Amino acid sequence: MTETSARITRTGGPEAIEWVREDLPAPGPGEVRMRSTAIGINFIDIYHRSGIYPVPLPSGLGVEAAGLVEALGEGVDNVAVGDRVYTFGPALGAYSTARNVSALTVFKIPDGISDDLAAAALLKACTVEALAERCADVQPGDSVLVHAAAGGVGLILTQWLRHKGAHIIALVSSEEKAAMARNAGADLALLTGTDNLAEQVLAASGGDGVKVSFDSVGADSWELSLQTTRPRGLIISYGNASGPVTGVNLGVLSANGSLFVTRPTLGHYYITGEDRAVGFGKVFDMLSSGKISVAINQRYALTDAAQAHRDLADRKTTGSSLLIP
């Protein structure tokens, strides 16, 4: 059967996304054929397309998808034909109607979680679990700063931190997004671009600064994170929405209070089977119990991926977005 897949042969803007149609071979040993039913859109897709995260070219695009197992390669016994499954890489190529993937990278979707929810939430929720639980180990009463709090990760992170009892200061770009952040559990939502923003964050954190800054914006927000994190606090720089943070002089960490900084990658928190079992267990519990909910506010046709990338980069989206094959 002829399938449609995104391909990049060069890095660049959304126009670098090409579409190819080709017959899919039978899955090889250790592989499954997975037909996509919903495909997650994430900032990492933009980083791969633009070259911020270099990948060998030509390359597929997209890491996250839910779908159905259609065929099994030799030796596969962890899933069966007809199972609903989910993957978030590491192999690229999720922007496709169907593809062959390693059986070791697909996981059964629990009953009660739809394909759309899995594709919209699991990569982001696993990111949040790693950040809030294992990277920052947020405790009740901790004051935290959440950049881009109305985005796909930001809204889940805000809900997760609320459940942990943190004092949450949210940064957003509009009044509409401020309302979304407050509804997700933020104690205070501040607008980026306003005067004296650092002073407002410091005042909201009791004057000392926040214990943890969750910074997904990157270059444009680095100075603010430095200015508003308390002595011996932690800056988690986990995204590059405005470009990567570069040329960091370690002396600025001392000058701003002997700060700790980390640039985490999700895969390093989900390396082993035990890592994945712990992370997925917490995420599935939070989703199935309703402790976190995910708003799927944008749906695009698969071949409209370029427009989806433009909207995401221009901060025109809220919550999570999907490509529908």
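Is Asp285 buried, partly exposed or exposed? Asp285 is partly exposed, with a relative accessible area of 40%, where buried means under 20% relative accessible area, exposed means over 50% and partly exposed lies in between (1.4 Å probe, protein chains only). The views below come from a predicted model, in which local features need pLDDT of at least 70 and side-chain atom pairs count only at pLDDT 80 or more, while totals for chains, interfaces and linings use all residues. Residues are numbered from 1 along each chain as its sequence is written, and side-chain values use heavy atoms, with hydrogens and water left out.

**View A. The salt bridge between Lys291 and Asp285.** The N to O distance of this pair is 3.6 Å, a salt bridge being a side-chain nitrogen of Lys or Arg within 4 Å of a carboxyl oxygen of Asp or Glu. Lys291 is partly exposed, at a relative accessible area of 38%. The structure holds 12 salt bridges, and a network of them links Glu3, Arg35 and Glu70.

**View B. The salt bridge between Asp116 and Arg299.** The closest N and O atoms of the two residues are 3.0 Å apart. Because Asp116 lies in helix H2 (residues 115-135) and Arg299 in strand E14 (residues 296-301), the pair ties together parts that are 183 residues apart in sequence; helices (H or I, at least four residues) and strands (E, at least two) are DSSP runs, numbered from the N terminus. Asp116 is partly exposed at 23% relative accessibility, and Arg299 is partly exposed at 48%.

**View C. The salt bridge between Arg134 and Glu129.** The side chains meet at 2.7 Å, N to O. Glu129 is buried, with a relative accessible area of 0%, whereas Arg134 counts as partly exposed at 28%.

**View D. Helix H9 (residues 305-313) and its cover.** The buried residues in this helix include Ala305, Ala308, His309 and Leu312. Among the elements that cover the buried residues of H9 are strand E2 (18-23), helix H1 (43-50), E14 and strand E15 (320-324), contact meaning heavy atoms within 4.5 Å. Arg315, which follows H9, has a positive phi, near 60°.

**View E. The open sheet of six strands.** The strands run in the order E10-E9-E8-E11-E12-E13 with parallel pairing, where two strands pair if DSSP finds at least two bridges between them. Strand E10 (188-191) and strand E13 (260-262) are the edge strands, each pairing on one side only. Strand E8 (residues 143-146) and strand E11 (residues 210-215) pair over three bridges, and Leu145 has Ser213 in E11 as its bridge partner.
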